[in-house]
Structure formats: C-alpha cells, structure tokens
Amino acid sequence: MSLNTVSILDGNAFVVSDRRGDIDASPVDAQGLFLDDTRFLSRWILTVNGLRPSVLSVDEQEYFQVQFFEAVTTGTIYVDSHLSVARKRAVGKGFHEEILLENHDKEAIDLEVKLDAGCDFADLFEVKDKLAKTGQLYTKTTNDRLTLGYKREDFVRETYISASQKADISEDGLHFHVHLPPRTSWTVSLDVQASARATGDVPMRSKANVDAWVAAAPRLVCSWEPLQQIYRRSLVDMAALRFRTGITPGALPAAGLPWFMAVFGRDSLITSFQAMPFAPELAASTLRTLALFQGRVEDPFRDEEPGKILHELRLGEMTAFEQRPQSPYYGAADSTMLFLIVLEEYVRWTGDRALAQELEREARAAVAWIDRYGDRDHDGFVEYKRGNDQTGLDNQCWKDSWNSIAFADGTIAPLPRATCELQGYVYDAKLRTARLAREVWNDPVWAKQLETQAVELKQRFNQEFWIPERNFFALALDGQKRKVDSLTSNIGHLLWSGIADDDKAASCVKHLMSDALFSGWGIRTMANSENSYNPIGYHVGTVWPHDNSFIAWGLRQAGYRAEAARISRAMLEAANLFGGRLPEAFGGYPRSDTHYPVEYPTACSPQAWATGAPLLLIRTLLGLESDGTHLIVDPAIPEPLGRIELLDIPGTWGRMDAFGRARASQ
Amino acid sequence: MENQSGESLATATAGTEGDAPGLAGIVGRMRLMVGDTALGVLAVDNGRAKVVPDGPPVDVTAVVRSRELLVGILRGQLNPVLMALKAQGRLHGDRVLGVKILYGLRAGSPFVQTQFDGKDK
C-alpha cells in the first residue's frame, strides 16, 4: 500500500483514502470504498468554501476506524487559520463519517461545505488491470438521499449516501450551507451504505469485539519489548482480516489488503496453521468453508476437479459474468494437501474429533484428488498445468507469478511443473490423514495404505529430485521431467514435511543458511547466485515472512534448533523495524548493505500469512507441539530475545502456559 | 418474475428418484420456490434425491427468479455462486445445507433427462 494512503478495513470491506480522508480514485491509486470485490465509492472529496482542507495529522485509532485532523488554510504562513476540520470514519457495510467544523475566530463565518461523491463500480480486477466497464451507471436523488448505481443485466449494485443535516442533494454530491457564530462548531454525520452483499449481512466491527478477540488469545510476556508489540499487532491485524462468508459459521482469514480481501484456499489454510496455538477456531471455519466449496466436477475454465480445494472465491462483476473464473477458481495445486494437513493439525491440537468426523467424506475426496488429478501423468508426483489458458494461473504453487519456476540459467521451466514442496505436502498429508483414519475414522486398512504410499513417495522423491552436483533438491521437475536446478527457498518447506532424507536435509540446511539464500533478514525466495535473482523480484529474490516462518519451523522439526532461532530472530527484528507489522514481502538485499529491511513496492499490508508469521515464529522459539493429549514445550531462544512466556495456550489440555529463556549456546 | 408457472415440480418429476452421487452423506429437505410460489420439495437422502409435493418440514428454502433457473438447479447445470452474484436466487434457513445440495447436484443429478413441462430441455 502507498505511504500516502490511509486504509481501514473490516473483513472484505475496506476504505482507502488519501491522508485528508478524500477519495479520488485514479489508475495510479486504488482508492475507494470496496466491498465484495467491488468499488462502491470512487470519489469523496470535502471542500469548504471551495478549498480542500490541509491535513494536520491522521489518527489511525483502530483498524476499522480513523480520524483526520485538518485546517482550512489561507495558503500563507502569515495568516492563521481559524477553521479546523475533524473527520472521523468507521468502516462496516459501507462507512460512517462524522465531520466537525470549529470556528476559532471572534467573527461569525458562512461556509459552503460540499462533499463531491461519485462511483465507477469497478470490479477489483478492473481496478487492478485498468479495464473498462460494460453496464450502465446511474444516479438518483431524493430529499434525503443520493443513490449511485450500476446495472448490467441482473447484476445491480448501489451506494446510498445520506446526512444527518439538511443538504442540497444533487447527482454529484451533497452541499451544506453553514453559518458558524464565533467560537462554535457544526457537525454532520454521513452514512455511505453499499448494497447487494451477495453473502448475507455481517455486523459492523466494534472495539469491544477486537478487545475480546485479543483477550481470548494466549497472553505473551517477554523481556524483549518489541516482541510484545509485534504479537499484539499480529493479533489485531488477524482480527481485521477475519472474513465472514455469511454462510458458514465463524470467520476465516482473508488473504490481504487491498487486492486479496477474499477467501483464498492456500492463504486461509496457511494462516490458520500459523495461528493454531493462538486462535484454533480460525482453522475450523476455514476447513468448513473450503469443504463446502470442494470441487465436484471437471471444469477446465475454473480448473475445478472433484475433490480439489478452491484457490480463490470472488464476488465481483467480472466473476458474475464469467470474465474471470473465480466463482470459485480452483487453480492451486497445494491447497488440497494443505486442507488435509490443517485438518489433522487442528484435531491434534484441539481434540475436536467431531470436525474430523464431519469432514471425513471431504478428506477422502481430497486424497482421491491427489492420486487421480493431482498426479496428472501418473508418475507418482503432483504436477500442475492450467486448463484455462486465458485467465487461469500459470503457476499453481505459492510462488504463482509467471517467472518463479526457472532453471539456474533463467530459462522458464515448461509445463506441467511438479514443484518440490508439493511433493512434501503430499507426503505430510498422507501421513497425517493416516493418523486420522486410524484414530478417528476407524479405518486402519486405509491408514496402512496411505503410510505405504507416503514411504514410496519419499523414496522416489529423494532419488528423482536430488541434484547431486549441487547438493540440494530441484525446485521442480518440468514437463519433460528435467530437474529445474535453481536454488530457492522451496527446499526449506521440505523440512517441515519431513520428506527429505536426513543427509540430504543437512545439505539443504547449509544452503538455506548460506549467504546466497540468507540475506541476514531472512531466507530469499531465490538465491542471489541464480540468473533470475532480483532482490525486488516478487518470487525470485524477495524475502517472504510466511515462507521464513515455515522454514524456521521446519528447521525445528528437523532438529536444527540454532538455525531456526537465527531465522526467527532475524525475522522478528525485521518486524520491529516495520513497526511491528511484517509486510507480504520485502527486498532481498543483504543485511550488510542496509541497516533496515527494504520495502517491496507493491506488497500487501496487512497480509494474512505475513500477519501469522510472528505467531509461528513464537511457536518455533518455544518449541510448542501437541501430541494429541499434552502440550510439549521445548524452547530454543536466542540470547537477545531473553525470556518468553506464553500463557493460557488453548488445546486438548484446556489452557496451559509455556516458558522459555535464552541460553548462551543458542 | 420472468416465469411463475405454478405447476408442481412434483408432477413434472413424478416417479423420478435417483442417484445423486454428490449428495452422499447429505440428508435434508429443500423447498423450491419461484418468487412467492412453492413448487415442491427436493428430498435428499444420502445420495438419493426426489421431488415431492410441497409441505413441511423443510430445512432450507431456495427462492429463484424463474422456473428455468429452478430446472437448471435440479439438473445440476447452474453455478450457485453466479446465481447469488446476479441476485437470481437466494437461500433461507440452513444455508450450509442448501449450498451442499446445490453443489452436490452438479456432480450428477437424476433430473438431467426429466421433461419439465415438455419444454425445458
């Protein structure tokens, strides 16, 4: 997000304005009121006697509320302003704004206060890709309301604007005639309501709601003060990103502001995993919602196949008219395995076997998808190739930009692509599903089959993905079964899945901690030794906090305590320098070159799995694990972080505390 | 409403009861309405589906704008998300069950060959 904009959000409703509070959407700035992937207000400009007030300060009180302090200035430093303006705004199903004008002068003044309003009703894809509209815009005015509307066949969206004070309402806004005696004030409340929410009403957020959410999470006590701020920031951002579908109970994490305020299979599952010891209810909502929309048919346009878990669900016009396939779109090769992984993790942490019983059929369908559709050519590995050549995703792994899967010389790998972490996820998913089959579904025969398949996959993977001359696993096998030989962070995901043989894992750890991959702030997505490397390339050199949180956790799982602690510390130090909030990604420049992590220009912030990264890092530092009955605590905390206490961790045990302190050797 | 034919769907589908593999594990009754007119109840019982005359109890009600849309739903030919986005239909009651049924019918419907008023195919 631009530093010159201010954003407030609540689920998938959000307002992006300039620092005055004005909205003046342009191709450059994605400003506006957005809900359900549609812009419901693209112009909202306050003038007083024809002047736009100057901003004095912006108070971002809560993620859903902001206050702008302004003055109507004369344009010269020699004449004081006597008129101040305060704008207080809260987002919900639209937004509510209070404008306060104060006359500090000894003389009365007459003011023409105007709010210009307009809307282009752009689909978020149209904003992002700068596309033109197809339907008809209209406006309607009555004595007390301005309606901005858009209609294309049955697709109708409207915005209603009303005020608490009498106004002249015209097609382009509201006009107030205000007489202010000396040292008096005038207030108006404005309601901007967005219509046609496709998925049901959702109550407006309140501070009490957020406070309750934070209070329900475990309490952190620590000696390194910034961690306290980072932890609270993560919890509050996680609260902000909670998304209610209006169909399934509870809330799940939306992916990120501004482009990804929607249900994403991969993002919601990964964030739910990161948050497991802190807010396990997110996982339950995520699993239920994704199960509901699990693929049923073969539909190449949507890359839908029976048993597949969705990638993205959108609610805007381009989706409604099938100009885009997100209704839902299933172009993710990993979300189905992650669904199984999160299901087992959730049951093991919470003991909620009822959810596993409820989702048994979906879990079996997911495993069937892996074997029948995921492994497209039946070579024993999951690979992907889109069915929709027009608007489908080329890359269906988490590094989903077009150039992310490249050979060391920079050549893009031909499709289909079997990336290495996908195989690790399959291995992990089958072992975890086997546990559920044995312990919950009472099907030991299937459990044994799944375990046998996992063992066979591990053997094949360690033979066919290993690059002996470079001593790490290939990023992928390409369409011709060649090893894609770039050194990337993907090998870090093989540690938490457990698919790598011990000796090969050791070699990968050396690469991960080398200067080529580890920048000092975190593991780069691609090593700086590779031809495609770019420190500000989205998936070919930047550092992604969520990636690092899983690599650190995988290092702990594989027994590399010091390495896990080193990455965790570096990432938390970066978070501190970002004001407690890790962005989606940041530059891959060496730490020796910069004393601060360099921002990536178009990173989403807040972004769900970046928000979840500190949570998984805290879990990693404390060595938290559940064996299904007990909370296991095995801390490995580096010296500067001192002491960490996490109190009231929820799980099958009820609530338990975890304590850890740094030791000199870590 | 584009078409509010009040003919009972139960009449049109008389004797049609069959497998709907996507409805395995699902049990419930969904009232079928075009506008204000109830045209029957889709009774789902663990992978089997049939349309019966309207009457309680029902778990969820599907209200759509035209009979053609309703036929499309029963045949598993419509995407429920697209219908909702265009305000062509909505669900009341147990909406989770409703989405499960609508999605499940896409995996195979016993009504694909059914003649609805002899003009729906």
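**Entry 1: the ground rule for area.** Before I write down any area, I need to know what "buried" means: it is the accessible area, for a 1.4 Å probe, that two parts lose on being put together, summed over both. I also note that I'm working with a predicted model.

**Entry 2: where the chains meet.** How much area is buried between chain B and chain A? I get about 1900 Å², and carbon and sulfur atoms give 59% of that. Three residues stand out on the chain B side: B:Leu85, B:Lys86 and B:Tyr103 supply 32% of the area that chain B buries against chain A, more than any other three residues. Counting residues instead, I find 20 from chain B in contact with 28 from chain A.

Entry 3: Next I looked for charged partners. Side chains of opposite charge can pair when their charged atoms come close. Between chain B and chain A the count is two salt bridges. One of them joins the side chains of A:Asp154 and B:Arg65, at 3.4 Å from N to O. I also looked up polar contacts between chain B and chain A, and there are six residue pairs, with both residues at pLDDT 80 or more.

Which helices of chain B each supply at least two residues of the side that touches chain A? They are helix 3 (80–85) and helix 4 (95–105). Helix 4 of chain B gives the largest share of that side, six residues. Sorting the residues on this side of chain B by class, I get ten nonpolar, five polar and five charged.

Entry 4: Now the whole structure. Over all chains, the count comes to 54 salt bridges. I picked one inside chain A: the side chains of A:Asp24 and A:Arg43 meet at 3.5 Å, N to O. This pair links distant parts of the chain, with A:Asp24 in strand 3 (residues 23–24) and A:Arg43 in strand 6 (residues 43–48), 19 residues apart.

Entry 5: Rolling a probe the size of a water molecule over the atoms shows where empty space is left. How many cavities of 30 Å³ or more does a search of the whole structure find? It finds two.

The largest cavity has a volume of about 40 Å³. Its lining is made of A:Arg233, A:Ser234, A:Asp237, A:Gly580, A:Arg581, A:Leu582, A:Thr611 and A:Pro614. Two elements of chain A give two or more residues to this lining, helix 3 (225–240) and helix 16 (608–622). Helix 3 of chain A has the largest share, with three residues. By class, the lining of the largest cavity has two nonpolar, three polar and three charged residues.

The second largest cavity holds about 30 Å³ of space. I list B:Ile73, B:Leu78, B:Pro80, B:Leu102 and B:Leu105 around it. The classes here are quick to write down: five nonpolar, no polar and no charged.

Entry 6: Strand 1 (5–10), strand 7 (54–62), helix 2 (207–216) and helix 3 of chain A each supply at least two residues of the pocket lining. That lining has 14 nonpolar, six polar and ten charged residues.

Entry 7: Last, I went through the backbone. Is the peptide bond from A:Ser327 to A:Pro328 cis or trans? I find cis, with omega near -5 degrees. A:Pro328 sits in the loop between helix 6 (317–320) and helix 7 (335–350) of chain A.

Chain B has a cis bond to note too, from B:Pro56 to B:Pro57, with omega near 0 degrees. B:Pro57 is in the loop between strand 4 (48–52) and strand 5 (60–64) of chain B.

I place A:Asn49 in the loop between strand 6 and strand 7 of chain A.

Note on methods: Residues are numbered from 1 along each chain as its sequence is written. Chains are lettered from A and ligands numbered from 1 in the order in which they are written. This is a predicted model: local features need pLDDT of at least 70, side-chain atom pairs count only at pLDDT 80 or more; totals for chains, interfaces and linings use all residues. Side-chain values use heavy atoms; hydrogens and water are left out. Contact means heavy atoms within 4.5 Å. A salt bridge is a side-chain nitrogen of Lys or Arg within 4 Å of a carboxyl oxygen of Asp or Glu. A polar contact is a pair of N or O atoms within 3.5 Å; within protein, one must be able to donate a hydrogen and the other to accept it, and residues adjacent in sequence count only if both atoms are side-chain atoms. Helices (H or I, at least four residues) and strands (E, at least two) are DSSP runs, numbered from the N terminus. Ala, Val, Leu, Ile, Met, Phe, Trp, Tyr, Cys and Pro count as nonpolar, Asp, Glu, Lys and Arg as charged, and the others, Gly among them, as polar. On a 1 Å grid over the protein atoms alone, a cavity is a set of points where a 1.4 Å probe fits but cannot get out, and a pocket is an open set with protein on both sides within 12 Å along at least five of seven lines; lining residues have an atom within 4 Å of a point. Grid points are joined across faces, edges and corners, and a volume is the space filled by probe spheres set on the points.
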